[in-house]
Amino acid sequence: MKIAIPLEQKDLNASLCPSFGRAPYFLFYDSDTEEGEFVENSAATTPGGAGIRAAQIITDYDADIVLTPRCGENAAEVLNKADVAIYKSMSGTARENVTAFLAGELALLRDFHSGFHHGR
Amino acid sequence: MADRRDMKVAVLSGKGGTGKTIVSVNLAAVAGTSVYIDCDVEEPNGHLFFKPVISSVEEVAVKIPVIDAAKCNGCRRCVDFCKFNALALIKNRPRVFAKMCHSCGGCMLLCPQKAISEQERTIGVIQRGTAGNVTVCTGELNIGEATGIPIIKRLLQLGAADVRCPVFIDCPPGSACTVMESIKDADYCLLVVEPTLFGIHNFRMVYELVRLFNKRCGVILNKCPAGGNPAEDFCVEHGITILSRIPFDHELGALSSEAKTAVWESERYRRQFALIYETLIQEVCHEAVAYS
Ligand code: SF4
Ligand code: SF4
């Protein structure tokens, strides 16, 4: 199972980025091989629709699960349609969140915020 | 050189709440026959002052892509192309996020399978009406839409189609692309500035934008305190013309909070804005006018 996590830094001990679409990096952690890969989030700097593009990256890497503190409606739509489950992360590091998730301690994320469109 | 009979003046501010709408509404009202265009399509409020009698309403639509899943082979070219992230490839077929789409038409052009056609989608409405001698054009973008630019384009077309008279364009606050669209055809940009330090930063950004477009511009300092103020220093430093200083005024504020057009309510304000209008004409058209 592949778990994706939005991160501030390329570090398993880094904390999670509060924004999914604008996170600088994603960690893709494969719980079967116990290997992780850090990927730069090219969506972070796009002017609009970052959530959609970020969700696309998650699906391109064939992740099954996303652990994130927050997620926008559009990103959630992409992830749901692509059968990626979204769980609400807890405070703490990426490593702690993976452990918590595998122990079944995290719940599905239920509220998704609406997009912050540009143009203002 | 612009002609006073059909000069186009764009009224801008770095942020909301500087009195930009009050200035544009009152200038249009004092100008005799004029056109007022509210390009702040996300939060139009000029019509609240004018309370125009509406003569026409039209919807503004844009073209968005529709994907024929049977023809599409999932090559992903459209998704990679879309700069606005309005397309995502899910289970090997693109999905359109209509509210993100900027209707550039690119995906339709490049699809090798000719699987993309277009469909109209309404993003807002435009109302046109009259209040006294003022033709009032208001656009309103539906909530959550990506961009108000198509509405602003149509508004400006509609405003320009009128008889020869001065046009006042009430621009959106800030310095985003909607502002650029609003000032594109203006003869002159009028910057309404609030003399706070916080206001200066935003002021500088609009000023730079106006310079980028090579527009002539001048400043109205609003809510001026007694004594010097940082906005004035900025203008002096950069050689920007100050057309008028409107002192901090409780009564004007009170009239505005009741959505009343000050120049129609009181002779004092009629004179005050007539004077500003006169200065504006001289500045825009470089002509001397007798205006009472
Ligand atoms: S470019 Fe055309 S064929 Fe390719 S994914 Fe897009 S719609 Fe499908
Ligand atoms: S029309 Fe342009 S903005 Fe809209 S989906 Fe196609 S490429 Fe993206």
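This talk goes through a predicted model with chains A and B, starting with chain A, then the interface, then some details of chain B.

Chain A first. Three helices and five strands make up its secondary structure, and read from the N terminus the order is β-β-β-α-β-α-β-α. The radius of gyration is 13 Å, close to the 14 Å that the globule rule gives for 120 residues, so chain A is as compact as a globular protein of that length. The C-alpha trace spans about 40 × 25 × 25 Å along its principal axes. Of the 120 residues, 48% count as buried. For contacts in chain A with a separation of 6 or more, 49% come from residues 24 or more positions apart. The accessible surface of this chain is about 5,800 Å², and carbon and sulfur atoms hold 46% of that.

Now the interface. The size of an interface is often given as the accessible area lost when the parts come together. Between chain A and chain B that buried area is about 1,800 Å², with 47% of it from carbon and sulfur atoms. In terms of residues, 19 of chain A are in contact with 22 of chain B.

How many salt bridges does the rule find across the interface of chain A and chain B? There are three, while the count over all chains comes to 18. Take the pair Asp83(A) and Lys91(B). Asp83(A) sits in the loop between α2 (73-81) and β5 (85-88) of chain A, and Lys91(B) in the loop between β4 (87-90) and β5 (93-96) of chain B, so this pair joins two chains. The N to O distance is 2.7 Å. Asp83(A) is exposed, at 56% relative accessible area, and Lys91(B) is exposed too, at 55%. There is also a network of salt bridges that links Asp60(A), Arg76(B) and Asp80(B).

Next, Val79(B), in helix α3 (residues 77-81) of chain B. Is Val79(B) buried or exposed? Its relative accessibility is 1%, so Val79(B) counts as buried. Leaving aside residues up to four places away in sequence, Val79(B) touches Arg53(A) and Gln56(A) in chain A, and Leu87(B), Ala88(B), Leu89(B) and Pro94(B) in chain B.

Staying in chain B, helix α1 (residues 20-30) is mostly covered, with 10 of its 11 residues buried. Among them are Lys20(B), Val23(B), Leu27(B) and Val30(B). Just after this helix, Gly32(B) has a positive phi of about 80°.

In one, Asp6(B) and Arg164(B) have their closest N and O atoms 3.4 Å apart. Asp6(B) is in the segment before β1 (8-12) and Arg164(B) in the loop between α5 (149-160) and β8 (167-170), so the pair ties together parts that are 158 residues apart in sequence. Asp6(B) is partly exposed at 31%, and Arg164(B) is exposed at 52%. In the other, Arg270(B) and Glu267(B) meet at 3.2 Å, N to O. Both are in helix α11 (residues 267-285), three residues apart, and therefore separated by about one helical turn. Arg270(B) is partly exposed at 26%, as is Glu267(B) at 41%.

Last, the surface of chain B. Ile54(B), Val57(B) and Val125(B) make a nonpolar patch of about 220 Å². Val57(B) belongs to strand β3 (residues 53-67) and, at 55% relative accessibility, counts as exposed.

Definitions and conventions
Residues are numbered from 1 along each chain as its sequence is written. Chains are lettered from A and ligands numbered from 1 in the order in which they are written. This is a predicted model: local features need pLDDT of at least 70, side-chain atom pairs count only at pLDDT 80 or more; totals for chains, interfaces and linings use all residues. Side-chain values use heavy atoms; hydrogens and water are left out. Patches are made of residues with over 30% relative accessible area and no salt bridge: like charges are joined within 9 Å, nonpolar side chains (Val, Leu, Ile, Met, Phe, Trp, Tyr) within 5 Å. Accessible areas come from the Shrake-Rupley method with a 1.4 Å probe; for residues, only the protein chains shown count as cover. A salt bridge is a side-chain nitrogen of Lys or Arg within 4 Å of a carboxyl oxygen of Asp or Glu. Helices (H or I, at least four residues) and strands (E, at least two) are DSSP runs, numbered from the N terminus. Buried means under 20% relative accessible area, exposed over 50%, partly exposed in between (1.4 Å probe, protein chains only). The radius of gyration is taken over C-alpha atoms; the globule rule is 2.2 Å times the number of residues to the power 0.38. Contact means heavy atoms within 4.5 Å. Buried area is the accessible area (1.4 Å probe) that two parts lose on being put together, summed over both.
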